[in-house]
Amino acid sequence: MIPVKDIDVGKATSVKELIRQFDEAGGFSAKKVAEGVTILRTMFADDNCTKILSFPAAIISTGTRGVVKDLIKQKKVDVIITTCGTLDHDLARVFQNYYHGNFMMDDVQLRKQNINRLGNVLVPDSSYGEVMVEHMNKILTGLWSNSVKEISTKELCWAIGEYISNTSEKREESILYWAWKNKIPVFIPGPTDGSVGSQIWMFSQKNDFKLNILKDEQDLSNIVFDAKSLGALMIGGGISKHHTIWWAQFGHGLDYAVYITTAVEYDGSLSGAQTREAISWGKLKEKAKHITIEGDATVLLPLMIAAI
């Protein structure tokens, strides 16, 4: 029996110290955050572990993008699995700004002003759609002129990263730039569910240009089957989380898993499924170090990575 200790905020002079006190204080999500930090610290230090980072696009519209970028810049992860919107937001934000709003704004008035609302983030058409049209056309035309007529999403992500490296002064803020520079593969299992995918579809109307997502699957299989062990930091659910654990089962399951979600378990959704459920599918090993942390990743992820 370990006694619960009170948090002494006056002694919490750093994020690392505060998270250490979370572990001693117990509580509800606080204890889970501390356990997640411990698992991630062990996973990051394991040189034999192939580390996967998965996340949906929404957080890339926020400042949490900077935390994800640092993980890639510092080579803390080996593989990224995400959604098409990540490409949209990352590319858009190296050329234009997104803005602060709030959840209760008048959406009818925003539409009349050509402003899109993503939660409490405002995305004007001039910062998003117009940027996609201009720069994706240049990227795709450049690929086409170099006789590239078929491309995987991994190759596409690196092509966008390389383009950003040559065209934007804010290149070092970009996830895709650092993925290209550090040769960290980025996989998009649902590549048409976003503006980048729509631009590729429109480009294909006049040019014989195709996405080859099966090539991505071959690359993923090589990564999984060559891995000595597997670990994952999974933010949010949906296709990015599922593709991570789906491939992990072919590598005999994850050895480490930290999952941050706001979804509930009772409706049977993948997003709400606890890490322990994945054990029944062979997607996590029985003796894996794992934790599911309920909460908003825009709060929790910066705290956890800062503590590490």
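**Rings, pockets and sheets**

Reader: Why does W178 count as buried?
Author: W178 has a relative accessibility of 8%. The limit for buried is under 20%, so W178 counts as buried. One thing to keep in mind as we go: this is a predicted model.

Reader: How many aromatic pairs does a search of the whole structure find?
Author: The search finds seven aromatic pairs. Let us take F95 and Y163, whose ring centres are 6.5 Å apart, with the planes at 50°.

Reader: Why is the pair of F95 and Y163 called tilted?
Author: Planes under 30 degrees apart count as stacked and those over 60 as edge-to-face, with the rest tilted. The planes of F95 and Y163 stand at 50°, so this pair is tilted.

Reader: What makes this a pair that ties together parts 68 residues apart in sequence?
Author: Look at where the two residues sit. F95 is in the loop between α4 (84–93) and β3 (99–100), while Y163 belongs to helix α7 (residues 153–167), so the pair ties together parts that are 68 residues apart in sequence.

Reader: How do you know whether F95 is buried, partly exposed or exposed?
Author: The relative accessible area of F95 is 22%. Buried is under 20% and exposed is over 50%, with partly exposed in between, so F95 is partly exposed. Y163, at 15% relative accessibility, counts as buried.

Reader: What makes the pair of Y177 and W178 edge-to-face?
Author: The angle decides. Y177 and W178 have 75° between their planes, and edge-to-face means over 60 degrees. Their centres are 5.0 Å apart, against a pairing limit of within 6.5 Å.

Reader: Which residues form one aromatic cluster?
Author: W144, F203 and F209 form one.

Reader: How do you know that the charged end of K283 sits over the ring of W281?
Author: The charged end of K283 is 4.6 Å from the centre of the W281 ring. The distance limit is within 6 Å, and there is a limit on direction too, within 35 degrees of the ring normal. Another such case is R93, which lies over the face of Y98 at 5.9 Å from the ring centre.

Reader: What is the volume of the largest pocket?
Author: It is about 390 Å³. The pocket is lined by 22 residues, and the closest to its centre are A58, I59, D296, A297 and T298. β10 (254–261) and α13 (297–307) each supply at least two residues of this lining. By class, the lining has ten nonpolar residues, eleven polar and one charged.

Reader: How much space lies in the second largest pocket?
Author: About 190 Å³. Its lining has 14 residues, and S61, R93, Y98, Y99 and H100 are the closest to the centre. Three of the lining residues are nonpolar, seven polar and four charged.

Reader: What is the order of the open sheet of three strands?
Author: The order is β3-β5-β4, and the pairing is antiparallel.

Reader: Why are β3 and β4 (115–118) called edge strands?
Author: Each of them pairs on one side only. β4 has its pairing with strand β5 (residues 121–124), antiparallel over four bridges, where two strands need at least two bridges to pair. L118 stands opposite V121 in β5.

Technical notes:
Residues numbered from 1 in each chain as written. Predicted model: local features only at pLDDT ≥ 70, side-chain atom pairs only at ≥ 80, totals over all residues. Heavy atoms only, no water. Phe/Tyr/Trp six-rings, centres within 6.5 Å; stacked < 30°, edge-to-face > 60°. Buried < 20%, exposed > 50% of the residue type's maximum accessible area, 1.4 Å probe, protein only. 1 Å grid on protein atoms, 1.4 Å probe; cavity = no way out; pocket = protein on both sides within 12 Å on 5 of 7 lines; lining within 4 Å. Points joined across faces, edges and corners; volume = space filled by probe spheres on them. Nonpolar A, V, L, I, M, F, W, Y, C, P; charged D, E, K, R; others polar.
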